[in-house]
Amino acid sequence: MKPFGQEFEFARALGLQMIERGDGRCIMAIDIDRKRHFSPQGAAHGGVAYSLADTAMGGALTSLLDADQWCATLEIKINYHVRVGEGRLTCEAAVLHRGKRVANIDARLHQSGRLVGSANGNFAIFAAPTIT
């Protein structure tokens, strides 16, 4: 399985955590903290949930890719069902369909056993560029 982790600064800055990954699925989490993640309206900023979903979706897809393949988000539709407060926010993502160039991925976000958001996205699949 192609490696995937939080070795990029954006994921570390948010506090994204890998829980489980493989076979076209990925579970990630973040511990929502009022000081770090809340908007002025007193709830977790929507961008935090979006970033968690986007990263988990990429993790699900990369678990199916060959070492010489990369992926990138083409588009994601996210629905916020209820307010996200402090505490652990978990996202489970699963590849629904993988074509040669595009994959469709579904994600569900839960907090305290409650569905708080859902997302569906399309990701491009392409040859990894040569980095020199």
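The structure is a predicted model, in which local features need pLDDT of at least 70 and side-chain atom pairs count only at pLDDT 80 or more, while totals for chains, interfaces and linings use all residues. Residues are numbered from 1 along each chain as its sequence is written, and side-chain values use heavy atoms, with hydrogens and water left out.

**Overall form**

- The protein contains three helices and six strands; these are DSSP runs numbered from the N terminus, with helices being H or I of at least four residues and strands being E of at least two.
- Read from the N terminus, the order of elements is α-β-β-α-α-β-β-β-β.
- The radius of gyration is 15 Å, close to the 14 Å that the globule rule gives for 132 residues, so the protein is as compact as a globular protein of that length. This radius is taken over C-alpha atoms, and the globule rule is 2.2 Å times the number of residues to the power 0.38.
- The C-alpha trace spans about 45 × 30 × 25 Å along its principal axes.
- Of the 132 residues, 45% count as buried, meaning under 20% relative accessible area with a 1.4 Å probe and protein chains only.

**The sheet**

- Six strands form an open sheet in the order β1-β2-β4-β5-β6-β3, with antiparallel pairing; two strands pair if DSSP finds at least two bridges between them.
- The edges are held by β1 and β3 (69-80), each with a single partner strand, so one side of each is left without a neighbour in the sheet.
- From one strand to the next, the twist averages 20°.
- Strands β1 (residues 17-22) and β2 (residues 25-32) are antiparallel and share five bridges; Q17 stands opposite A29 in β2.
- These two strands, β1 and β2, form a hairpin with two residues between them, and D23 in the turn has a positive phi of about 55°.
- Strands β5 (residues 102-111) and β6 (residues 114-127) are antiparallel over ten bridges, and V102 has A124 in β6 as its bridge partner.

**Helix α3**

- Helix α3 (residues 46-62) has 17 residues and reaches 24 Å from its first C-alpha to its last, close to the 24 Å expected at 1.5 Å a residue. The expected span is 1.5 Å times one less than the number of residues.
- In α3, 13 of the 17 residues are buried, leaving the helix mostly covered.
- Helix α3 lies across β1, β2, β3, β4 (87-98), β5 and β6, and runs at about 140° to β3. Such angles run from 0 to 180 degrees between N-to-C directions, with axes fitted to C-alpha atoms, for helices over the stretch in contact; contact means heavy atoms within 4.5 Å.

Terms used: Buried < 20%, exposed > 50% of the residue type's maximum accessible area, 1.4 Å probe, protein only.
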